[in-house]
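Please look through the sequence and the model shown below, and then follow the explanation with both in view.

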Amino acid sequence: MIGSMELWRIPSNKLLLRTHQFCKVPRQLPRRALLPVMCFCKEMQTTTSEVVSASYITTTKPKIPEKLQVDESTKAQTLGAFQKLPMVMPSSDILGSALRKAKMVSPTKGIANIAKRERNRGAKQLDALMKELAVPLRTYTENFPDKRYLHPYERSLVELTLGDGFYEEVLGKVNNLRKKVTFIGKEHAALCAKSLTKKEAEERLSEGTKRVEEAFNRERKAVDSLLDIAKALRAMPVVDLETPTLCLVGAPNVGKSSLVRVLSTGKPEICNYPFTTRGILMGHITVNYQRFQVTDTPGLLKRSDENRNNLEKLTLAVLSHLPTAVVYVHDLSGQCGTSASDQFVTYSEVRERFRDHLWLDVISKGDLLDDSSVFVTEDITVDNPDLARYRMFGPEGALRVSVKTTLGLEELKRKVHQLLLSQSSRIKSQTTDSECSEIPT
């Protein structure tokens, strides 16, 4: 007979299983002695435990107040989302692989009846075909990032490179294709499983396979479009927000790409026509074991933001969303195709908009400025003294350089290095301020 004191050492589950013993001999265990035992069992059953090596270890998990819980999906992602994109297979490869794998599926062993065995095989093959098509499509839709949570710079790249709304449209079509394939596959697998004869099962398998294949082929272009999107986004330059970045800005064909080749490891295309730079080119500078980033951007023309093309908007996106120092390149030789007056207007607008950026003005093609025959025949009798001075000398404090004769290149490199060191100090200061602001007071 188990005494009342021994009940404290019996786990709650054993107590519940053995309560019938006390019902047989109620007089030997006083009613008042059951009260603390039952309270103790109730307390034990509400204790949270986990099994570790076949032992129960009590765990204490404090409940997080609802107001402190943060929805991770609402957090904006840092730069680098394009390098985490899943590998997208061509639609023809997805379909071919699915058909091959589905045909290899055999019926469940042990089915003696021919009709039952055939309908089992047909249902399993249609289910396998459906899954082999739907699983990769679901992987794509789940692992391509939501554009709303991208870093503002990468979100601008998506919109300006692919077109506004195209990214979401393609992902939506891929998801709809997954739903259609899943619905048709399940529908015909269920029909095949209800076949009464071997011939009927074979016909329904053939019909189901045909229907699934037709549904996939109707929308397979969406998968190939997603493949092209993945290739385009992976080719985007990777920017490190903690590494000082130098951005070369100016009108088209003023010599920005030539200076990038001189200053960094970037190898841009150099031709004598506007918008040679068709995207953002990233290079690097290493000075005294310090590494810096250099970006070459498409040229800016004299026009309002509403009328700018996507190439020009890429340049503005870099200046707006990345912590960059600016080297603004001017061409007063008259050979770039943009007059000095138009360059002055664009320069003044950009300089005012991004006045908080560290700045260095550079006049390119300095070897041509001594030859008066290269200047554009503009009316220099203007009322604006700043414009008149700009035509002759460029912005105040501008450095004159020439890639052809190496005029001023060493001084340019020195000033660029100083500019990047200042940018590095600014980034560290902003990072420190950000960390201090996150500390609760």
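Helix α13 is followed by G394, whose phi is positive, near 80°; helices here are DSSP runs of H or I with at least four residues, strands are runs of E with at least two, and both are numbered from the N terminus. The model is a predicted one, in which local features need pLDDT of at least 70 and side-chain atom pairs count only at pLDDT 80 or more, while totals for chains, interfaces and linings use all residues. Residues are numbered from 1 along each chain as its sequence is written, and side-chain values use heavy atoms, with hydrogens and water left out.

Helix α13 spans residues 385-393, and its buried residues (under 20% relative accessible area, with exposed meaning over 50% and partly exposed in between, for a 1.4 Å probe and protein chains only) are L387, Y390 and R391. Seen down the axis of α13, these buried residues fall within an arc of 100°, so they line one face of the helix; the arc is that of the directions from the helix axis to the C-beta atoms. The face turned away from this buried side carries the exposed residues P385, D386 and M392. At the start of α13, a side-chain oxygen of N384 reaches to within 3.0 Å of the backbone nitrogen of D386.

Elsewhere in the chain, the axes of helix α7 (residues 166-193) and helix α8 (residues 198-218) come within 9 Å and cross at roughly 175°, the axes being lines fitted to C-alpha atoms, for helices over the stretch in contact, with angles from 0 to 180 degrees between N-to-C directions. That makes α7 roughly antiparallel to α8, a term for angles over 145 degrees.

How values were computed. Parallel < 35°, antiparallel > 145°, perpendicular 65-115°, else oblique. Polar contact = N/O pair within 3.5 Å; in protein donor to acceptor, adjacent residues only side chain to side chain.
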